[in-house]
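Let's take a friendly tour of a protein model. Have the sequence and the 3D view ready, and follow along as we go.

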Amino acid sequence: MFSKEEAQRMKKEFWTAFAEAYPRKWLLYDTKIKDFSFKFYIDNKKAQVLIDIECRDDEKRKIYFEKIESLKTILLDEFIPEAIFERNFYLETGHCNSRIWVEKTGISLYNRATWDEIFDFFNENMDAFERFFYEYQDYISDLEINT
C-alpha cells in the first residue's frame, strides 16, 4: 500500500502523463450548462468517463437527464455502446445526481503498466461523449423543450 504522500505523487504523475499523452483541452466543466459536467475518474480498481448532472433543483436535473435519455439509442448506437444511465445516483455524501457513464475495470491508477490502457480508454470515451454533446447541445441545454 502507498502512503498518502506517495498516492498523491502517483496521482499527479498519472494526470501529468495523461496530459502529455493526449494534449488537448477537454470540455469537462465548460458546457455552458450549470451543474452539468464531464468527468474522468480513476481509482485502484476502475476508470470511468462520465456525465454528471448535479443540479440542486431536482426538476432541472430530471429534465436534463430525460433529454439525454431520449437520445439514448443514438448515444448507444453511434457513440458509446456500453454507456450506463442512472437517473438517481447517490454519492457517498447522500447527494443525488444523475449520471451517464462508461467504466473499465481491472486497471489501477497505482499500476503504471495499465496507464496506457487507461489513457486510451479516457481519450476514446471522452471524445465520444463530447462529440455526442456538441451534436445535441442545443436540444439538451434548452429547458423549454419538453420530452
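## What counts as a pocket

A pocket is an open set of grid points with protein on both sides within 12 Å along at least five of seven lines. Its volume is the space filled by probe spheres set on the points. Keep in mind that you are looking at a predicted model.

## The largest pocket

The largest pocket here has a volume of about 240 Å³.

The largest share comes from β2, with four residues. Sorted by class, the lining has six charged residues, five nonpolar ones and one polar one.

## Where two helices meet

Now turn to helix α3 (residues 72-79) and helix α4 (residues 115-141), whose axes come within 11 Å and cross at roughly 135 degrees. The crossing of α3 and α4 is right-handed.

On the α3 side, the contact is made by I74, L75 and F79. On the α4 side, A128, F129, R131, F132, E135 and Y136 take part. By class, this contact of α3 with α4 has seven nonpolar residues and two charged ones, with no polar residues.

Definitions and conventions
Residues are numbered from 1 along each chain as its sequence is written. This is a predicted model: local features need pLDDT of at least 70, side-chain atom pairs count only at pLDDT 80 or more; totals for chains, interfaces and linings use all residues. Side-chain values use heavy atoms; hydrogens and water are left out. Axes are lines fitted to C-alpha atoms, for helices over the stretch in contact, and angles run from 0 to 180 degrees between N-to-C directions. A crossing is left-handed if the near helix is turned anticlockwise from the far one by less than a right angle, and right-handed if clockwise. Contact means heavy atoms within 4.5 Å. Ala, Val, Leu, Ile, Met, Phe, Trp, Tyr, Cys and Pro count as nonpolar, Asp, Glu, Lys and Arg as charged, and the others, Gly among them, as polar. On a 1 Å grid over the protein atoms alone, a cavity is a set of points where a 1.4 Å probe fits but cannot get out, and a pocket is an open set with protein on both sides within 12 Å along at least five of seven lines; lining residues have an atom within 4 Å of a point.
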